[in-house]
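Biologist: Could you take me through the nonpolar core of this model and the helix that matters to it, with the cut-offs stated as you go?

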Amino acid sequence: MPYDIPGTETASGTRDSGIGTSVDSYYEYMIKSHVLFGDHEYLLMFQQAYAAVKGALQRFPWYIDANMDSKNLVWPIFNALQ
């Protein structure tokens, strides 16, 4: 089963996901929208996405970039949520 988390489709057609550059704003804006607008749905969206990331990409204490279909490691680097 593929990962159910935000990602990007590369020019070669692979679907990669991580928490690094650009996609981190997706998670940040869900929390900020919840605080700014008071809409609980944004918090729920964040909680679901965060749980998916932790389950799929976390290699404690780091997070990896992975292919969303094969779940294989994409980049030999680690990221950390601050």
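Biologist: How many residues make up the largest nonpolar core?

Modeller: This is a predicted model, in which local features need pLDDT of at least 70 and side-chain atom pairs count only at pLDDT 80 or more, while totals for chains, interfaces and linings use all residues. Residues are numbered from 1 along each chain as its sequence is written, and side-chain values use heavy atoms, with hydrogens and water left out. A nonpolar core is a set of buried Ala, Val, Leu, Ile, Met, Phe, Trp, Tyr and Cys residues joined through side-chain atoms within 4.5 Å, where buried means under 20% relative accessible area with a 1.4 Å probe, protein chains only. The largest such core, whose members include I19, Y27, F46, V53 and I64, has 12 residues in all.

Biologist: Which element gives the most to this core?

Modeller: Helices are DSSP runs of H or I with at least four residues, and strands are runs of E with at least two, numbered from the N terminus. Two or more core residues come from each of α1 (23-37) and α2 (40-57). The most, five residues, come from α2.

Biologist: What does α2 reach from its first C-alpha to its last?

Modeller: The expected span of a helix is 1.5 Å times one less than its number of residues. For the 18 residues of α2 the expected value is 26 Å, and the helix comes close to that, at 25 Å.

Biologist: Which residue caps the N-terminal end of α2?

Modeller: The backbone nitrogen of E41 lies 2.9 Å from a side-chain oxygen of the capping residue. That oxygen belongs to D39.

Terms used
Buried < 20%, exposed > 50% of the residue type's maximum accessible area, 1.4 Å probe, protein only. Polar contact = N/O pair within 3.5 Å; in protein donor to acceptor, adjacent residues only side chain to side chain.
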